[in-house]
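Biologist: Hi! Could you walk me through this one while I have it open?
Modeller: Happy to, let me put it on screen.
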Amino acid sequence: MTTPQPGKTPDLPPRDARTLLEPRPLSVKRGVNPHAPGSAHLIMGRTEILATITLDDKPAPHMRGKKEGWLTAEYSMLPRATTDRQARERNLQNGRRHEIQRLLGRALRAGVDLRHFRNQTIYVDCDVLVADGGTRVASILAGHAALHDFFDTLINTGKLSEWPITHNVGAISVGLIGNEVRVDLDYAEDKVARADLNVVATDTGLIIEVQGGAEEGPITHDEYTTLLTTGVTAVQGVMHQLARELAVIQGM
């Protein structure tokens, strides 16, 4: 019989080789799609995201005549991203997908000076190749990496004279599993969380958006504050790791 570790509740999902406040291992490759001007393949634990960029020389309808461009995002989960085959989401009226797309768009727009793209629209397409929790936060990270790849190419080819990213934007999930605060929940943790948040923030600790709440009854103000503070700190750590992975020289 296995002896429970001190301070651990036996029925909680275990963590594989990481502490409660440690995100899953992250890696990213830029320029993986030869047909897209910017792209990134991001792996976070067992979750994998492919993000690609398209620049359309047409303004979004609501941006016509204005002094800046627009950035929008689309999100989709491939049929075998999960343990069972799911119908292709483009064929479904999927409220979850639309909610995530809107989150991705808001998050990524918060970090880009779109005045450089007047009368143009930037599309960020995020496809989930493998899902094991945290697909929306991993998509924000992958989208940010793909934008880095795109803007780096524009700078290096002389098509853009100023670095357009004003904030390095990332995201992380954080939750209460039993009475434990855990960062970057995988699927096994997410489905038993008492409360969980998706925290979108910058690498300097500025908050952009927070989604989530209690799952099994109310939580206290102190618990919520702890989740939020922990999430913001975790985003900063993930963004420092992502920056090292990208190895982008801004403005060069």
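Modeller: Let's start with a pair of residues: the bridge partner of A195 in β9 is A214. Keep in mind that this is a predicted model.

Biologist: Okay, how many bridges join β8 to β9?
Modeller: Seven, and the two strands run antiparallel. They make a hairpin with four residues between them, and G205 in that turn has a positive phi of about 90°.

Biologist: And what sits on the β6 side of β8?
Modeller: Strand β6, residues 169-177, is joined to β8, residues 195-202, by eight bridges, again antiparallel.

Biologist: What's the strand order in the whole sheet?
Modeller: The order is β7-β6-β8-β9, an open sheet of four strands with antiparallel pairing. β7 (180-183) and β9 (207-214) are the edge strands; each has a single partner, so one side of each has no neighbour in the sheet. From one strand to the next, the twist averages 15°.

Biologist: Is β8 buried or exposed?
Modeller: Buried: eight of its eight residues count as such, so β8 is largely enclosed by the rest of the structure. As a general point, side chains in a regular strand alternate between the two faces of the sheet. Here A195, L197, V199 and A201 point one way from β8, while D196, N198, V200 and T202 point the other way.

Biologist: Which helices pack on that sheet?
Modeller: Helix α1, residues 95-109, lies across β6, β8 and β9, and runs at about 150° to β9. Helix α2, residues 135-156, packs on the sheet too, touching β6, β8 and β9, with its direction at about 165° to that of β6.

Biologist: Switching topic: which residues does UniProt list under "binding site"?
Modeller: The UniProt entry, which is unreviewed, lists R96, G134, T135 and R136. They are spread over 41 residues of sequence but cluster in space, with a largest C-alpha distance of 13.5 Å. The lining of the largest pocket takes in R96, G134, T135 and R136.

Biologist: Why does G134 count as buried?
Modeller: Its relative accessibility is 18%, and the cut-off for buried is under 20%.

Biologist: How about R136, where is that one found?
Modeller: R136 is found in helix α2. With 14% relative accessibility, R136 counts as buried. Not counting residues up to four places away in sequence, R136 touches R96, E99, I100, L103, L104, N198 and Q211. R96 is also on the UniProt "binding site" list, and N198 is one of the buried residues of β8.

Biologist: I like to check backbone angles before I set anything up. Which residues have a positive phi although they aren't glycines?
Modeller: N119 is one of them, at about 65°, and D184 has a positive phi of about 60°.

Biologist: Where do those two sit?
Modeller: N119 is in the loop between α1 and β5. D184 is in the loop between β7 and α3 (187-190).

Biologist: And are they buried or exposed?
Modeller: N119 is partly exposed, with a relative accessible area of 35%. D184 counts as buried, at 0% relative accessibility.

Biologist: Last topic, α4. What span should that helix have, and how far apart are its ends?
Modeller: Helix α4 covers residues 221-246, which is 26 residues, and at 1.5 Å a residue it should span 38 Å. Its end C-alpha atoms are 37 Å apart, which agrees.

Biologist: Which residues of α4 are buried?
Modeller: The buried ones are L227, L228, T230, G231, V232, A234, V235, V238, M239, L242 and L246. For reading that list, an α-helix has 3.6 residues a turn, so residues three or four places apart point the same way.

Biologist: What follows α4?
Modeller: A247 does, and its phi is positive, near 50°.

Biologist: Great, thanks for the tour!

Methods. Residues are numbered from 1 along each chain as its sequence is written. This is a predicted model: local features need pLDDT of at least 70, side-chain atom pairs count only at pLDDT 80 or more; totals for chains, interfaces and linings use all residues. Side-chain values use heavy atoms; hydrogens and water are left out. The expected span of a helix is 1.5 Å times one less than its number of residues. Buried means under 20% relative accessible area, exposed over 50%, partly exposed in between (1.4 Å probe, protein chains only). Two strands pair if DSSP finds at least two bridges between them. Axes are lines fitted to C-alpha atoms, for helices over the stretch in contact, and angles run from 0 to 180 degrees between N-to-C directions. Contact means heavy atoms within 4.5 Å. UniProt positions are given in the numbering used here, feature names are shortened, and annotations may be inferred rather than shown by experiment. On a 1 Å grid over the protein atoms alone, a cavity is a set of points where a 1.4 Å probe fits but cannot get out, and a pocket is an open set with protein on both sides within 12 Å along at least five of seven lines; lining residues have an atom within 4 Å of a point.
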